[in-house]
Amino acid sequence: MNTFLELVRQRQSVRRYDPTRPVARAAIERCLEAARLAPSACNSQPWQFIVVAEPAAKNRLAAAAFGGVFATNKFAAVAPVLIVVLREKSTFTAQLGGWVRGLPYNLIDLGIACEHLVLQAAEEGLGTCWLGWFDGRAVRKALNLPRSAQPDIIIALGYAASGDVRAKNRKPPAEVWRYAPPAAK
Ligand SMILES: Cc1cc2nc3c(=O)[nH]c(=O)nc-3n(C[C@H](O)[C@H](O)[C@H](O)COP(=O)(O)O)c2cc1C
């Protein structure tokens, strides 16, 4: 792995984990540190990360999160670590700016922090999968969180069962970026 772009190319959603390989606490904490250092609107840092690594607690969380219609994400139960990401309120200024612009800055901020975490995991040789499809109410209950808590994302973390890197399925460059034409004189 040499460049940042190579890291980005190799990062992929991992849906098959090796359950026999635990993740060292130091590696988990480097991922959390990368998330902690993420930028945010008005430096609000509107996030909390709850690391669920103890097997019984993790299994209870997975059973709650991925039941019923959310069962497509049951694969995540095999990951040795699940990180529940809570969205918090932005600072007053960021909320005001977001209201004027019609933008939930705290949601943008959360996404940036999660991707920092996921890219640090890739740097560590760890696999991850962002999970947005889960039973939020059941997650709150499993973790004894107040009703006001907003578990927006779960990140599955662990070593991938296979080292294969899939080809990326992405829109071609011409569909996603362009240079603005020169300003009219
Ligand atoms: C906000 C968000 C929510 C996602 N939710 C899920 C999910 O619930 N289950 C899942 O298997 N993948 C989920 N993904 C992963 C995407 O499906 C995946 O990133 C996308 O298909 C591109 O594939 P890649 O990550 O392998 O490059 C989510 C990704 C993001 C960013």
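Predicted model: local features only at pLDDT ≥ 70, side-chain atom pairs only at ≥ 80, totals over all residues.
Arg-87 forms a salt bridge with Asp-152, and the closest N and O atoms of the two are 2.4 Å apart. Since Arg-87 lies in strand E2 and Asp-152 in strand E4, the pair ties together parts that are 65 residues apart in sequence. For those new to the idea, side chains of opposite charge can pair when their charged atoms come close.

Let us stay with strand E2 for a moment. This strand is mostly covered, and seven of its seven residues are buried. If you follow E2 along, you will find Val-81, Ile-83, Val-85 and Arg-87 pointing one way, while Leu-82, Val-84 and Leu-86 point the other way.

Which residues of the largest nonpolar core touch the most other members? Of its 23 residues, they are Val-23, Phe-49, Ile-83, Val-85, Leu-117, Ile-155 and Leu-157. At least two core residues each are supplied by helix H2 (25-36), strand E1 (47-52), strand E2 (81-87), helix H5 (105-123) and strand E4 (151-158), and the largest share, six residues, comes from H5. To take one member as an example, Ile-83 touches Phe-49, Ile-50, Leu-117, Ile-153, Ile-154, Ile-155 and Leu-157, if we do not count residues up to four places away in sequence. There is also a second, separate core of 22 residues, which includes Tyr-17, Leu-61, Phe-75 and Ala-76.

Now let me return to charged pairs, where the count of salt bridges comes to four. Another of them joins Arg-11 to Glu-115, with the closest N and O atoms 4.0 Å apart, and this pair links distant parts of the chain, since Arg-11 is in the loop between H1 and H2 while Glu-115 is in helix H5, 104 residues away. Is Arg-11 buried or exposed? Arg-11 counts as buried, because its relative accessibility is 13%, whereas Glu-115, at 26%, counts as partly exposed. Leaving aside neighbours within four places in sequence, Arg-11 is in contact with Glu-115, Val-118, Leu-119, Ala-122, Lys-168 and Arg-170.

A further salt bridge joins Glu-33 to Arg-36, whose closest N and O atoms are 2.7 Å apart. Both of these residues lie in helix H2, three residues apart, which is about one turn of the helix. Glu-33 is partly exposed, with a relative accessible area of 32%.

Trp-99 lies in helix H4, which covers residues 92-101, and at 68% relative accessibility Trp-99 counts as exposed, because exposed means over 50%.

Key. Residues numbered from 1 in each chain as written. Heavy atoms only, no water. Core = buried A, V, L, I, M, F, W, Y, C linked by side-chain atoms within 4.5 Å. Buried < 20%, exposed > 50% of the residue type's maximum accessible area, 1.4 Å probe, protein only. Helix = DSSP H or I, 4+ residues; strand = E, 2+ residues; numbered from the N terminus. Contact = heavy atoms within 4.5 Å. Salt bridge = Lys/Arg side-chain N within 4 Å of Asp/Glu carboxyl O.
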